[in-house]
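Hi,

Here is the structure I promised to pass on to you. Have a look at it first, and then read my notes below.

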Amino acid sequence: MVNLVQFRIAGFISFVIYMVTTFALYVPDWSFTVDEDHERRRYTVECGMRGHLGPACNAVGYVDREVWGINHLYQYPVWSRLKACTLSSPGSGPFRKDAPSWCRAPFEPEGLLSSISAILSGTIGIHYGHVLIHFKGHAERLRQWVSMGVILLIVAIILHFTDAIPINKQLYSFSYVCFTAGAAGIVFSGFYVLIDVWGLRPPFLFLEWIGMNAMLVYVMAAQGIFEGFINGWYYKSPDNTLVYWIQEHVFNDVWHSERVGTLLYVIFAQIAFWAVVSGVLHKLGIYWKL
């Protein structure tokens, strides 16, 4: 019980630190340099404000620039694909002539302040786990998970659509934490009903296998280590790799849609592939763990 209290305190402290820093920290003007057309150019972003949640002047980016240094941040943030930056949005492409300077700026989506906010997500996940331990009946567990999930989703939707705190993964905003944690609670409850209440375990064994080797799947698949290794082998051109060929000819060309092809590639060439690998490793009793 002490551990549960400690986790809740840690989550609350993380929430306070994130919210106070995000809305109270003053963000001054800042500048950066980029290499363009064999020339080093300097850009300046005008800020001088507090509580801004847009790409240019948020406290999340300011903290990372001050702590890590701007040269150590991610150079190709997702914000460079916004309509304000490129006509190719939501894809990547050349910058518009009138693109704001921040479109070219680096930004770390997994920085210091956003990592502090992520602690709150972990705390909510721990709470879901404690419900499983302390409540023994199916109805009691589902009541706890569903009620909390619904409340979190409602809070997230209100914050987002009132523009108080928009859902923003790059900033790991509080509304994003509420939305993802609430959705996780609802989805988890659904799987719990199907597997534990109704006993439909066999169709979902692949999820069990992935969970048993979660570290392997995260490192090799989610972080792209295995795919990057395969892409290191190519024929004539770096774009002519096995992964690229599968994406283009097996998925995109067949469905005549890059979006549908990408979705099917993730489902079959990543999730299904690593489910099989995890299942084989489970049969062999091999697990990656700390």
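How many cavities of 30 Å³ or more does the structure hold? The answer is one. Please keep in mind as you read on that this is a predicted model.

The space in the largest cavity comes to about 70 Å³. Around this space you will find Trp30, Pro55, Ala56, Arg65, Pro77, Trp79, Trp102, Ala105, Pro106 and Phe107. Sorted by class, the lining has nine nonpolar residues and one charged residue, with no polar ones.

Now for the pockets. The largest pocket has a volume of about 440 Å³, and 22 residues line it. If you want to find its centre on your screen, look for Val34, Gln75, Arg104, Ala105 and Pro106, which lie nearest to it. Two elements, β2 (30–36) and β3 (39–45), each give two or more residues to this lining. β2 makes the largest contribution, with six residues. By class, nine of the pocket's lining residues are nonpolar, seven are polar and six are charged.

The protein has ten helices and four strands. Followed along the sequence, the order is α-β-β-β-β-α-α-α-α-α-α-α-α-α. The C-alpha trace spans about 65 × 55 × 35 Å along its principal axes. There are 290 residues, and 33% of them count as buried.

Next, how do some of the helices pack? Two packed helices are described by the angle between their axes and the distance between those axes.

Finally, here are a few spots in the backbone to look up. Most residues other than glycine have a negative phi, and most peptide bonds are trans. With that in mind, which residues does a cis peptide bond join? They are serine 89 and proline 90, and omega there is about 10°. Proline 90 sits in the loop between α2 (59–67) and α3 (112–134).

One is aspartate 163, with a phi of about 60°. You will find aspartate 163 in the loop between α4 (138–161) and α5 (174–197). Is aspartate 163 buried or exposed? Its relative accessible area is 61%, and exposed means over 50%, so aspartate 163 is exposed.

The other is histidine 256, where phi is about 55°. Histidine 256 belongs to the loop between α9 (242–255) and α10 (258–284). Its relative accessible area is 72%, so histidine 256 is exposed too.

Happy exploring, and write back with any questions!

Best wishes

Methods
Residues numbered from 1 in each chain as written. Predicted model: local features only at pLDDT ≥ 70, side-chain atom pairs only at ≥ 80, totals over all residues. Heavy atoms only, no water. Buried < 20%, exposed > 50% of the residue type's maximum accessible area, 1.4 Å probe, protein only. 1 Å grid on protein atoms, 1.4 Å probe; cavity = no way out; pocket = protein on both sides within 12 Å on 5 of 7 lines; lining within 4 Å. Points joined across faces, edges and corners; volume = space filled by probe spheres on them. Nonpolar A, V, L, I, M, F, W, Y, C, P; charged D, E, K, R; others polar.
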